[in-house]
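Here's a quick tour for anyone just getting started with reading protein structures.

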Amino acid sequence: MSTTGKHLRPVDASTVVLAIETSCDETAASLVMGGVDVLSSVVSSQIDLHAQYGGVVPEIAGRAHLDLLNPVVARAIVESGVDETRIDAVAATHGPGLIGALLVGVSAAKSLALTWDVPYVGVNHLEAHLYAGLLEKPELELPLVVLLVSGGHTMLIEMRNHGEYRLLGRTIDDAAGEAFDKVARFLDLGYPGGPAVDTIAREGDANAIDFPRAMRNDGLDFSFSGLKTSVINFVRKNPAVRTADVAASFQTAVVDVLVHKARRAAEQVGAKGVVLGGGGTANSLMRERFSAMAAADGRRVLLPSRAMCTDNAAMIGAAAWYRLRSDGPTALDTGAFPNLRLPLMDGSW
Amino acid sequence: MMILGIETATERVSVAIGGHEGVLGMFEVTRGRRHAETLTPAIDFVCRQADVTLDEISVVAVDMEPGLFTGMRVGLASAKAIAQALRVPMIAISSLDLLAYPLRRTDKVIAAVIDARKGEIFYALYRQVPGGIQRVSEPTAGRVDDLVADLLARGQEVVCVGDGAVRYHEEIAAGHRVEIAEQFFAYPSSAPLVQLAHAKALREEWVNPWEVEALYLRKPDAEINWSTRNDGAGS
Ligand SMILES: [Zn+2]
């Protein structure tokens, strides 16, 4: 039995990657061919398990991944329609994320790679989100600006080439998704906060309250902590206000800033298009506003399907293909990296 | 029959292969890098050195708790993945059984004690029976005082084994007839795992990979750490 890499076939359009994603509260597996062709993508969400706690409980997530991963992998292989002997590499998210959750996917992926005698590829979850958009439109020309919005991240990235990223802007305090969760919790809308706010905001007046747009014309960084505070203060001072109006006005304030800065970023670097990524970009107002921006600017705006925005393993399989091609296999003595960052060209952060 | 045994319940990472002829090869390390980094290369190493390919494995044995969460998870995820890929059954055995089994020649009561951290221990009591050991108390998560009271009530001679016994030897041995097994036995090992799994495999007492469930003597801390969403990837 040899370790990874010995029998590495050339990485090409026929290369099949089995990818695993367990960084947070979704257990997912996917088979992707040639970095773009999704043969199967299975996602098992644990949202119901965590909802009663109002957030992801790391220990519960780890246990659930352990129970769910084998059936999810089995289903991904069956649904792909290819025999498992066709799998050329096994990939897993190895960071960033919850350590106990990451370890399940990493350990399983390395063991599968060892057993099948194929390479293992450890994948950066943030890089994978950048690839989620390209998966659906691989012909998109680079450079691109990617707006990544999730529970843990809000950032604007320039993707110059595969593996070549520059950070254009990021949140200096709360992530946008975090602001949604906190506001949803304060308004008693339930968990997860993004979809909860999105739903009730449809019945509200987005112009009812003029919440602040922090740093709107100030560089490409974001700040959402002040907005969250002003929502809380406003509701305390005006207890009779309609919750739907608060939600709609809050959501508009967030989306306003995101759209405005993404447009400026695209202009600044001469990007051919703007790609959205991360669970936060499933927000319906954001999708509406970005579509409008595309029409107005004549710039391509790629709104990946909701399934591709939220955590999934197909994006891990796509990123893994490019990484395998450029860097080769990841060593089997590599663990998980809960605080992994996106590899940036200029080393800045 | 060739059994792959994976043991990661404590600080130790231990991998063995064996079958009818006993344990054929073993790797064990109790310090250094962490479980996730060590385990897969260890499996590869043991197989190569013993000249066994993974395709020859017919049963995957794994420790099913009690133990420390991080290590347990690495061992269980790896063992289940290998069994699934090879389409072979699994046998899950408690870490406390693995601690007690090497002491099976004693006629004293055996107390297997794992340090559960946070001031707690996991423990169970055993006695010798022909050909092995028998558990005489259910695996328990508790405090050292609980164990001491339990042992006092029995009034029998006791040998305590495990990293919990080593850490709390003064409290456990205070005042009554308790012996602490030597440091060598302080961590569960994959060698008794393969031995015990072999006996079970002969009786076909195995399960499918997706049926393996850890014991989880301790409930998760349902206290919510909101900051984890900052560190984590979110969704
Ligand atoms: Zn994500």
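This is a predicted model: local features need pLDDT of at least 70, side-chain atom pairs count only at pLDDT 80 or more; totals for chains, interfaces and linings use all residues.

**Helix α4 of chain B**

- Which residues of this helix are tucked away? In helix α4 (residues 144–154) of chain B, the buried ones include V144(B), L147(B), V148(B) and L151(B).
- Looking down the axis of α4(B), you'd find its buried residues within an arc of 100°, so they line one face of the helix.
- Here's the general idea: an α-helix has 3.6 residues a turn, so residues three or four places apart point the same way.
- D145(B) and A153(B) are exposed, and they sit on the face of α4(B) turned away from its buried side.
- Just past the end of α4(B) comes G155(B), with a positive phi of about 65°.

**The sheet in chain B**

- Five strands of chain B make an open sheet in the order β3-β2-β1-β4-β5, and the pairing is mixed.
- At the edges stand β3 and β5 (90–93) of chain B, each with a single partner strand, so one side of each has no neighbour in the sheet.
- On average, neighbouring strands of this sheet are turned by 15° against each other, direction ignored.
- Strand β1 (residues 2–7) of chain B pairs with β2(B) in the antiparallel sense over six bridges, and I3(B) has G18(B) in β2(B) as its bridge partner.
- Helix α1 (residues 35–49) of chain B packs on the sheet and touches β1, β2 and β3 of chain B, with its direction making about 25° with that of β2(B).
- Helix α2 (residues 69–86) of chain B packs on the sheet too, touching β1, β4 (59–63) and β5 of chain B, and its direction makes about 170° with that of β4(B).
- Strands β2 (residues 13–19) and β3 (residues 22–29) of chain B pair in the antiparallel sense over seven bridges, and a hairpin joins β2(B) to β3(B) through two residues.
- The bridge partner of I17(B) in β3(B) is G25(B).

**The zinc site in chain A**

- What holds the zinc ion on the protein side? Its protein donors are H125(A) (NE2), H129(A) (NE2) and D311(A) (OD), lying 2.1 Å from it.
- Along the chain, the donors are spaced as H-x3-H-x181-D.
- Both H125(A) and H129(A) lie in helix α4 (residues 125–136) of chain A, four residues apart, about one turn of the helix.
- H125(A) is buried, at a relative accessible area of 0%, and H129(A) is buried as well, at 1%.

Key
Residues are numbered from 1 along each chain as its sequence is written. Chains are lettered from A and ligands numbered from 1 in the order in which they are written. Side-chain values use heavy atoms; hydrogens and water are left out. Donors are N, O and S atoms within 2.8 Å of the metal (3.2 Å for Na, K and Ca); water is not among the atoms, so sites may look incomplete. Buried means under 20% relative accessible area, exposed over 50%, partly exposed in between (1.4 Å probe, protein chains only). The arc is that of the directions from the helix axis to the C-beta atoms. Two strands pair if DSSP finds at least two bridges between them. Axes are lines fitted to C-alpha atoms, for helices over the stretch in contact, and angles run from 0 to 180 degrees between N-to-C directions. Contact means heavy atoms within 4.5 Å.
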